[in-house]
Amino acid sequence: MVGRHAAGRRRAAVTALSALVLTAVHSAAAAEPSHTQDTVPAARTVGAGEPSPEMLRALQRDLRLTPRQVTARLANEAEAGTRAGRLHNALGGRFAGAWVSGATSADLNVATTDAADVPAIQAEGAKATVVRTALSGLQSLQDKLDKAAGRVHTPDSPVWYVDVRKNRVVVQATSKSAAMSFIKAAGVQGRDLAIQVSAERPRLMEDIVGGDAYYINDTARCSVGFSVTKGEQQGFASAGHCGTAGDTTTGFNQADQGTFQASTFPGKDMSWVGVNSDWTATPQVRGEGGQTVQVAGSVQALVGASVCRSGSTTGWHCGTIQQHNTSVTYEEGTVNGLTRTTVCAEPGDSGGPYLAGSQAQGVTSGGSGDCTRGGTTFYQPVNPILSDFGLTLTTTAAGTAAPEENGTTGTWATGRVYGVGDTVTIEGVSYQCLQAHQAQATWSPDSTPALWQRVQ
């Protein structure tokens, strides 16, 4: 979505917050392979080649890396996603999670509940960890906590998540007694649960100034997230707390812009705005110094991967993905399915895009701490936004069709959001998905081994 810095400053008086646009990496040649022959096609597929100057500087600064390390890290993370997907599908119910580690993400770690799987994991160039509980078991435990949060108020136990690196579900609370009360209400117990006592209370990132702005009902202010389309309707995705269906928006220049078509908050934190003919959806997002680069797709990154965010208050900052499928309780209610990161943020940064390389990851929901002392942020993943609202992410790829009805099997189709393990057919051949993404015309299963594995 085309936009500029707002002409003046306003303070939002309602719960509608600022999203910022973030710079993505231009697709380029990959770094030298680190493990397998799939490194180059994987890196090229997800645009993890030589990073843009904006992302290069941010990753160097925040992760304390050299330019060579940044390039190697992005390529390693891209090919690790492919290898993790193959192992996820092969291990099935024994799979217990995957993550990358090391300064350049050179190590892929894969957990299983069966020691007999260790040779197969090592054959993929990964480090094997044998654990007690499968990922599906941990997710079932988290689901019980999610359901309990719908029955009881959990202000003193605001965060819970699956920690694949330690094979457990963590309940973060302001005190042990608060955590125990929540756990008891959920009716869960066992060695798979851990309590982390922390004074942090995540909040939505509000009180914004600056950035690529739009105004809601002439009172509150947010910023454009990722550009999207739905059929012939152009628009952009943002956080759900920015507005509700029917709310009207004006652009950075106070000119009529559009209307919120749909919004979900709490539960999820997602929305999208349909714009009028004066506005055009583009694959560009704005980053440091007003520079724009391109979004290439929406391939989900692994735990441990680097991710960068731009915010109207604090600008460019980078960190790593800590956990997917995190539940967070704000004052306004509980949001499930968020991703937890080490990227700092402050009020005003809410709603801004997160990218891993050139791949869209999500929009800022909230967090705690600040960019002086450090903090934690949570983003709403973008693929569920596209799937729930039937949207097509605007990318550099040509010919991406409108999404068809989502499904896990059947004929492959562009615009559909696929998850790891989904099976499709093309020209009579079956393929299994390796990494969650929205399909593009240039990413057909028979030509994209980074995203699909032939199964017959």
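**Side chains, helices and spaces**

Analyst: Arg-73 and Glu-77 are both buried, where buried means under 20% relative accessible area, exposed means over 50% and partly exposed is in between, using a 1.4 Å probe and the protein chains only. Please keep in mind that this is a predicted model, in which local features need pLDDT of at least 70 and side-chain atom pairs count only at pLDDT 80 or more, while totals for chains, interfaces and linings use all residues. Residues are numbered from 1 along each chain as its sequence is written, and side-chain values use heavy atoms, with hydrogens and water left out.

User: OK, so what do the side chains of Arg-73 and Glu-77 form?

Analyst: They meet in a salt bridge, with 2.7 Å from N to O; the term stands for a side-chain nitrogen of Lys or Arg within 4 Å of a carboxyl oxygen of Asp or Glu. Arg-73 and Glu-77 both sit in helix H3, four residues apart, which is about one turn of the helix. Helices (H or I, at least four residues) and strands (E, at least two) are DSSP runs, numbered from the N terminus.

User: And how many salt bridges are there by this rule?

Analyst: The count comes to nine. Another one joins the side chains of Glu-79 and Arg-83, at 2.6 Å from N to O, and these two residues also lie in helix H3, four residues apart. Glu-79 and Arg-83 are both buried.

User: Why does that spacing keep turning up in helices?

Analyst: An α-helix has 3.6 residues a turn, so residues three or four places apart point the same way.

User: Which residue does Lys-268 form a salt bridge with?

Analyst: Its partner is Asp-388, and the closest N and O atoms are 2.6 Å apart. Lys-268 lies in the loop between strand S13 (256-264) and strand S14 (270-275), whereas Asp-388 is in helix H7, so the pair ties together parts that are 120 residues apart in sequence. Lys-268 is partly exposed, with a relative accessible area of 32%, and Asp-388 is partly exposed too, at 40%.

User: What about the backbone angle of Arg-64?

Analyst: Arg-64 has a positive phi of about 55° although it is not a glycine. This residue lies in the loop between helix H2 (53-63) and H3, and at 76% relative accessibility it counts as exposed. Asn-167, also a residue other than glycine, has a positive phi near 50°, but at 6% relative accessibility Asn-167 counts as buried.

User: Switching topic, how much space lies in the largest pocket?

Analyst: About 970 Å³, where a volume is the space filled by probe spheres set on grid points that are joined across faces, edges and corners. On a 1 Å grid over the protein atoms alone, a pocket is an open set of points with protein on both sides within 12 Å along at least five of seven lines, a cavity is a set where a 1.4 Å probe fits but cannot get out, and lining residues have an atom within 4 Å of a point.

User: Which residues lie nearest the centre of the largest pocket?

Analyst: Of the 41 residues that line the largest pocket, Gln-139, Gln-300, His-324, Asn-325 and Val-420 lie nearest its centre. The largest share of the lining, five residues, comes from H5.

User: What is H5 like, then?

Analyst: H5 has 15 residues and reaches 21 Å from its first C-alpha to its last, close to the 21 Å expected, a span worked out as 1.5 Å times one less than the number of residues. Its buried residues include Leu-138, Leu-141 and Leu-145.

User: And how many cavities of 30 Å³ or more are found?

Analyst: A search of the whole structure finds three. The second largest cavity holds about 60 Å³ of space, and its lining includes Gln-300, His-324 and Tyr-379. H7 gives the most to that lining, with three residues.
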